[in-house]
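Have the sequence and the model open side by side.

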Amino acid sequence: MENLILEIEEKISKINNPTFAKANHIFYLIQIKRNMAGNYNGSTTIYIDVKNFIQVYVKSIENRDSGYDLLKLEKIDKAIDCINFIEQRYALYEYAYRVLKINGFENECDSLKLKINRLRTLKLKSEKRYVKSFIHKWSYDLKSILITIIVLFIINGVIFLPAPVGWMQVYNINYNTFSAEFLSNHYLNLLGYVTGIEDTLEVTTSSIRGLLLLIFIKFIYILFIGNFLLEKIKAIFKSN
């Protein structure tokens, strides 16, 4: 098997230009190294091969005739999937994004963004940076964003519900009537309060505990929205 690797590497070295044939040789080389019993899989040498493949493959597509010049991201995915380490896979997708961007493959860049974001989340988790990982996921994953908004809204609703016992009462709440059913009316008022609509729920407190809790709730919303906007601004600057 090692003789086959040397033979393919020699073929690659003899092709100076970034041709489609050279890209296929490198791709074949990566697959062989991956299938070897631990000698190359995830090592520095296969990482370099994948980087080389991305560069040559993208360049070779530009030089192909019309009808044969369609770049297949699946092939880049398959090459990067030969790497086991999350950090290296993340770095390779970032590299692929830069190469595609430089060579004018804008649509393909957009397709890579979600994969890069998901890998960054996994990378942060692997580094035990769980809070950062969770916050980052807020910035791109629509499902996580919707779930977080719903959970925050429900928690807010529970906090603002009238206390069953007088000494537990933290807030004085004045409602507008939108529904005859109390709980529906409560959450409709809360929705107006959270979104900043005037003449809905009026919340007042005379305790430090209530004030601190209100500040904390506002902080969570600001953190959530601010992080989302910050990541979007970063993406805009990165794309230019």
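In which helix is Asn52 found? Asn52 sits in helix H3, which covers residues 44-62. The model is a predicted one. Is Asn52 buried, partly exposed or exposed? Its relative accessibility is 32%, so Asn52 counts as partly exposed. That value falls between the cut-offs, because buried means under 20% and exposed means over 50%. Now look back along the chain to Phe27. Asn52 and Phe27 are 25 residues apart in sequence. Their C-alpha atoms are separated by 9.5 Å.

Move on to helix H5. H5 runs over residues 86-102 and has 17 residues. From its first C-alpha to its last, H5 reaches 24 Å. That is close to the 24 Å expected at 1.5 Å a residue. Which residues of H5 are buried? They are Tyr90, Leu92, Tyr93, Glu94, Tyr95, Ala96, Tyr97, Val99 and Leu100. An α-helix has 3.6 residues a turn, so residues three or four places apart point the same way. Just after H5 comes Gly104, with a positive phi of about 85°.

H5 has a packing partner. Helix H4, residues 73-80, packs with H5 at an angle of about 150°, and the two axes lie 10 Å apart. The angle makes H4 roughly antiparallel to H5. On the H4 side, the contact is made by Leu73, Ile76, Asp77 and Ile80. On the H5 side, Arg89, Leu92, Tyr93, Ala96 and Leu100 take part. The crossing of H4 and H5 is right-handed.

Next, find helix H8 (residues 142-160) and helix H9 (residues 182-195). At what angle do their axes cross? They cross at roughly 115° and come within 10 Å. This makes H8 roughly perpendicular to H9. H8 contributes Phe153, Ile154, Asn156, Gly157, Val158 and Phe160 to the contact. H9 contributes His186, Tyr187, Leu190, Leu191, Tyr193 and Val194. H8 passes H9 in a right-handed crossing.

Finish with the cysteines. A disulfide is a covalent bond between the sulfur atoms of two cysteines. How many disulfides does the structure hold? It holds zero. Cys82 is buried, at a relative accessible area of 0%. Cys109 is buried as well, at 1%.

Conventions: Residues numbered from 1 in each chain as written. Predicted model: local features only at pLDDT ≥ 70, side-chain atom pairs only at ≥ 80, totals over all residues. Heavy atoms only, no water. Disulfide = S-S within 2.5 Å. Buried < 20%, exposed > 50% of the residue type's maximum accessible area, 1.4 Å probe, protein only. Helix = DSSP H or I, 4+ residues; strand = E, 2+ residues; numbered from the N terminus. Expected span 1.5 Å × (residues − 1). Axes fitted to C-alpha atoms, helices over the stretch in contact; angles between N-to-C directions. Parallel < 35°, antiparallel > 145°, perpendicular 65-115°, else oblique. Left-handed = near helix turned anticlockwise from the far one by under 90°. Contact = heavy atoms within 4.5 Å.
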